[in-house]
Amino acid sequence: MADVEQQEGSIQVQGQNLFFREMLPGGGQASRFSVLLLHGVRFSSETWQNLGTLHKLAQAGYRAVAIDLPGLGHSKEATAPAPLGELAPGSFLSSVVDALKLGPPVVISPSLSGMYSLPFLTAPGSQLRGYVPVAPICTDKIKAADYASVKTPALIVYGDQDPMGQTSFEHLKQLPNHRVLVMKGAGHPCYLDKPEEWHAALLDFLQGLA
């Protein structure tokens, strides 16, 4: 089993402290590229630690970083840059990526975090290596032309028991370079219902981006 190194800390983003957890390949191995994990409203970076996603990514050679979004988890003191359900400025995640020195990352974006990831994805000159939306909110707030202009490869994931996933897919399918994983028998946080299927599909997608 490959060694991994882990750490946690906080970064300054637009004048506020955001908490993060990080795992990366151990033994002085260089990581392939970075994966930034966001989360839904009832979750935090701890979700990805407990599920083993951070560990699996680091084992596979990636630098995996999960942040606590403003007002949630250990970032409780930070104020969200937009009201819930509205798009945040694309500069917010751009600042996170800069503060963590992630380079062009892959962004994993479930549920609530769509308000942060979608404006980042569709910003002109977006520096995203890959995008993994998991039934994100705010998909209806992006124009068709903006979806059509995205060159980033995407893996669209949702559970077949999640009506929100099917609704968001109607918009996300406008992304030109996407593939879809529908998890049978899984609900809104489908990665919790089917962790093995989730990890296998995610690692397969990342492998194709190398």
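## Cysteines

Cys138 is buried, at 6% relative accessibility (buried: under 20% relative accessible area, 1.4 Å probe, protein chains only). Cys190 is buried too, at 0%. The whole structure holds zero disulfides (cysteine sulfur pairs within 2.5 Å). The Cys138 sulfur lies 18 Å from the closest cysteine sulfur, that of Cys190, so the pair is too far apart for a bond.

## Basis of the model

This is a predicted model, where local features need pLDDT of at least 70, side-chain atom pairs count only at pLDDT 80 or more, and totals for chains, interfaces and linings use all residues. Residues are numbered from 1 along each chain, and side-chain values use heavy atoms, without hydrogens or water.

## Packing of H3 and H4

Helix H3 (residues 91-99) packs on helix H4 (residues 114-121) at about 85°, with axes 7 Å apart. H3 is therefore roughly perpendicular to H4 (65 to 115 degrees). Axes are lines fitted to C-alpha atoms over the stretch in contact, and angles run from 0 to 180 degrees between N-to-C directions. Helices are DSSP runs (H or I) of at least four residues, strands (E) of at least two.

H3 contributes Phe92, Leu93, Ser94 and Val97 to the contact; H4 contributes Tyr116, Ser117 and Phe120 (contact: heavy atoms within 4.5 Å).

## Nonpolar cores

The largest nonpolar core has 40 residues (buried Ala, Val, Leu, Ile, Met, Phe, Trp, Tyr and Cys joined through side-chain atoms within 4.5 Å). Leu36, Ile67 and Val96 have the most contacts inside it. H4 supplies the largest share, five residues. Leu36 touches residues including Val65, Ile67, Leu93 and Val96, leaving aside those up to four places away in sequence.

A second, separate core has 30 residues, among them Tyr62, Val134, Ala186 and Leu209.

Methods:
Buried means under 20% relative accessible area, exposed over 50%, partly exposed in between (1.4 Å probe, protein chains only). Angles under 35 degrees count as roughly parallel, over 145 as roughly antiparallel, 65 to 115 as roughly perpendicular and the rest as oblique.
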